[in-house]
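Here are my notes on the model, point by point. Please read them with the coordinates open.

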Amino acid sequence: MSKGKFGIHGGQFIPETLMNAVIELEKAYDYYKNDPQFIEEVKTLMREYAGRPSLLYYAEKMTKDLGGAKIYLKREDLNHTGSHKINNCLGQILLAKKMGKKRVIAETGAGQHGVATATVAALLGMECDIYMGKVDTERQALNCYRMELLGARVHPVTTGTQTLKDAVNEALREWTTRVEDTHYVLGSVMGPHPFPTIVRDFQSVIGKEVKEEMLKKEGRLPDICMACVGGGSNAMGLFYDFIEDKEVQLIGCEAAGKGVDTEENAATVANGGLGIFHGMKSYFIQDEYGQIAPVYSISAGLDYPGVGPEHANLYDTGRASYVPVTDDEAVAAFEYLSRTEGIIPAIESSHAVAHCMKIAPKMDKDKIIVVCLSGRGDKDVAAIARYRGVQIYD
Amino acid sequence: MINLNNAFENGKAFIAFLTAGDPNLETTARLLPEIANAGADVIEIGIPFSDPVAEGVVIQDADMRALAAGTTTDKIFDMVEKIAPDCDAALAFMTYINVIYVYGVERFIKRCSQIGVSAVIVPDVPFEEREELTPICEKYGVHFISFIAPTSRERVQMIAKEAKGFLYCVSSLGVTGVRSEITTNVGEMIALAKEVTDTPCAVGFGISTPQQAKEMAKISDGVIVGSAIVKIIAEYGENCVPYVVDYVKSMKDAIR
């Protein structure tokens with residue numbers, strides 16, 4: 001029986017060599033997610049180590065400047081390691097340790113998940129290998145060195161498009177080679193079951209905190225929750241607790257690169273078709289023969305040709321909508337938030353900020369938007385400078 | 001005419017793999033009948049995929065060369081349709097589920113049955129997901145090949161019980177590719193499978209030398225060789241046919 005379905009999406013499309021590993025992971029997770037001691041350990045790490053809860057910040061200047069809906073920013077950028085990725089890593093690597101694994105491997109695009117994995121591996125005393133597309137190691141050189149500082153080995157991936165998709169391929173290949181003592185810390189709500197569920201559960205702290213804080217601050221739920229979507233982990237984390245609250249609109253912002261109608265984009269929901277890849281049935285950007293297409297975004301973290309299966313189902317059922325945001329729009333938002341609020345957002349998160357800038361002015365002042373600021377933008381400063389034609393030494 | 005139902009009746013079977021369209025489809029069309037004549041009982045024709053996650057570097061590179069040469073599923077079907085009558089071996093397609101799924105499972109499997117391809121080998125469809133393909137495969141009489149691996153343990157018999165055509169026994173952990181030695185206890189895994197099925201068991205992954213083939217043939221019904229053949233094709237390109245033929249002969253002789 002196929003497991004881990006979200007509507008028609010999801011499943012476990014992986015080689016037989018890995019099947020027992022995902023079955024054992026599912027069993028362990030089903031046990032530990034109800035184990036009071038495990039729950040307490042994760043909570044303590046989230047609070048004492050990652051710095052949770054993260055702030056829900058009222059962006060007053062931005063709100064006034066745009067002149068419409070009230071804008072709140074969920075400050076995942078303030079977490080230890082600078083993004084939401086730490087939430088999943090703390091949970092998953094602690095779980096791996098309980099399972100007796102000695103080593104963790106992970107893929108990374110922008111390097112945020114790689115840094116978070118390397119960090120928690122250092123903390124919990126695990127061996128760590130990170131797979132990163134060679135193109136990404138170049139555009140995110142700082143994060144590479146950061147991972148090495150943390151004791152991880154970074155393996156540049158030179159196959160295919162040398163980006164996130166190829167890093168996932170290589171991590172999967174490495175996992176089949178050494179599966180007994182190794183856990184693959186998948187970084188997004190994607191891949192074979194149980195990963196989309198595990199990652200979503202550990203990220204759902206984002207939405208839970210937003211809900212609690214929003215009720216305290218405004219006495220009601222927001223009208224719109226929005227987040228950027230590559231694989232979709234910060235978006236799924238934000239959305240999950242609001243799925244049953246039908247009055248809350250959920251919007252995922254995809255990377256449209258140089259334009260949703262151009263060859264160079266990564267807007268999976270807008271341009272993808274149904275397929276089965278990286279362990280899951282979902283939407284993928286591909287050609288008529290099912291060959292996965294090269295994708296492009298200025299953001300290494302959103303430069304992925306697929307989307308998590310639960311997002312695909314939220315799209316199918318109409319519960320969430322997905323909008324394309326271009327490089328130009330994201331860079332403008334990156335600069336806008338820096339100047340307006342003194343917050344430099346990750347270029348990934350800037351995609352959500354950009355869409356907020358589009359719709360907030362058209363909304364009434366009593367409406368509320370929550371934007372997930374999934375990460376901080378320090379890692380992107382050099383790339384944005386290059387984009388603007390400014391030469392700096394990074 | 002050899003098909004999967006009698007391919008294992010000619011002593012231990014030699015199963016050869018190549019990537020269709022590497023370096024071009026014309027070369028593949030010349031290779032297939034020659035590989036059959038050289039003694040291959042089954043030929044796995046790889047349909048290249050952009051992201052072959054179960055493959056090592058050798059076959060990954062072959063897939064990239066084939067795709068760069070403009071190879072498509074339709075062109076492969078047309079080529080196989082032409083050469084199948086002259087190809088005295090059972091033919092199987094090896095590819096990834098997305099290639100079949102996006103083509104349309106029924107359209108793909110129906111075409112296989114029409115052109116004489118008797119099985120599909122899809123490494124990213126495990127036992128739990130087999131119904132994505134098996135109902136259609138049964139409808140058209142095309143075998144869906146099952147895999148067992150060194151990590152399968154208690155899953156071996158569950159999978160073996162339903163195996164059709166042949167059971168693909170993965171010799172070692174990891175992806176496809178040449179290995180200097182195979183350390184897994186493949187014999188034990190096959191013995192477990194044999195308790196519950198009469199379907200032939202063929203061993204693949206890592207086999208390249210006649211000596212390895214001989215050892216693996218002792219404990220199984222056939223050996224599968226991919227990367228070693230693809231390496232020869234990569235080295236000699238369009239002129240590879242005689243070199244591949246010599247190699248296949250030496251391997252078949254070793255397991256006879």
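1. Start with B:Arg153. This residue is partly exposed, because its relative accessibility is 37%. (Buried means under 20% relative accessible area, exposed over 50%, and partly exposed in between, with a 1.4 Å probe and protein chains only.) The side chain of B:Arg153 meets that of A:Glu24 in a salt bridge, 2.9 Å from N to O. A salt bridge here is a side-chain nitrogen of Lys or Arg within 4 Å of a carboxyl oxygen of Asp or Glu. A:Glu24 sits in helix H1 of chain A and B:Arg153 in the loop between strand E6 (146–148) and helix H7 (156–161) of chain B, so the pair joins two chains. A:Glu24 is also partly exposed, because its relative accessibility is 33%.

2. On conventions: this is a predicted model, in which local features need pLDDT of at least 70 and side-chain atom pairs count only at pLDDT 80 or more, while totals for chains, interfaces and linings use all residues. Residues are numbered from 1 along each chain as its sequence is written, chains are lettered from A and ligands numbered from 1 in the order in which they are written, and side-chain values use heavy atoms, with hydrogens and water left out. Helices (H or I, at least four residues) and strands (E, at least two) are DSSP runs, numbered from the N terminus.

3. Other salt bridges deserve a look. Over all chains, the structure holds 47 of them. Side chains of opposite charge can pair when their charged atoms come close. A:Arg200 pairs with A:Glu310, with the closest N and O atoms 3.0 Å apart. This pair links distant parts of the chain: A:Arg200 is in helix H9 (residues 195–203) of chain A and A:Glu310 in helix H13 of chain A, 110 residues apart. Are these two residues buried or exposed? Both A:Arg200 and A:Glu310 are buried.

4. Check the charged network in chain A. Salt bridges that share partners join A:Arg103, A:Glu127, A:Asp129, A:Arg153, A:Glu174, A:Arg178 and A:Asp181 into one network. Within it, A:Asp181 and A:Arg178 form a salt bridge, their closest N and O atoms being 2.7 Å apart. A:Asp181 counts as partly exposed, because its relative accessibility is 21%. A:Arg178 is partly exposed as well, because its value is 30%.

5. Next, the parallel sheet. It is open, with four strands of chain A in the order E7-E6-E5-E8. (Two strands pair if DSSP finds at least two bridges between them.) Strand E7 (153–157) and strand E8 (182–184) of chain A are the edges, each pairing on one side only. The twist averages 20° from one strand to the next. Strand E6 (residues 127–133) of chain A is joined to E7(A) by five bridges. A:Ile130 has A:Val154 in E7(A) as its bridge partner.

6. The antiparallel sheet is also open. Its four strands in chain A run in the order E1-E2-E12-E11. Strand E1 (5–6) and strand E11 (273–277) of chain A each have a single partner strand, so one side of each is left without a neighbour in the sheet. E11(A) and strand E12 (residues 279–284) of chain A pair over five bridges. A:Leu274 stands opposite A:Tyr283 in E12(A).

7. Look at the nonpolar cores. (A nonpolar core is a set of buried Ala, Val, Leu, Ile, Met, Phe, Trp, Tyr and Cys residues joined through side-chain atoms within 4.5 Å.) The largest has 196 residues, and B:Phe14, B:Ile43, B:Phe93, B:Phe108, B:Val120 and B:Phe166 touch the most other members. Helix H1 (residues 16–32) of chain A gives this core its largest share, nine residues. A second, separate core of 26 residues includes A:Ile251, A:Ala333, A:Ile343 and A:Met363.

8. Finally, A:His84. It lies in the loop between strand E4 (70–75) and helix H4 (85–98) of chain A. A:His84 counts as buried, because its relative accessibility is 5%. Which side chain does A:His84 join in a polar contact? The partner is A:Ser233, at 2.8 Å. (A polar contact is a pair of N or O atoms within 3.5 Å; within protein, one must be able to donate a hydrogen and the other to accept it, and residues adjacent in sequence count only if both atoms are side-chain atoms.)

Methods
Axes are lines fitted to C-alpha atoms, for helices over the stretch in contact, and angles run from 0 to 180 degrees between N-to-C directions.
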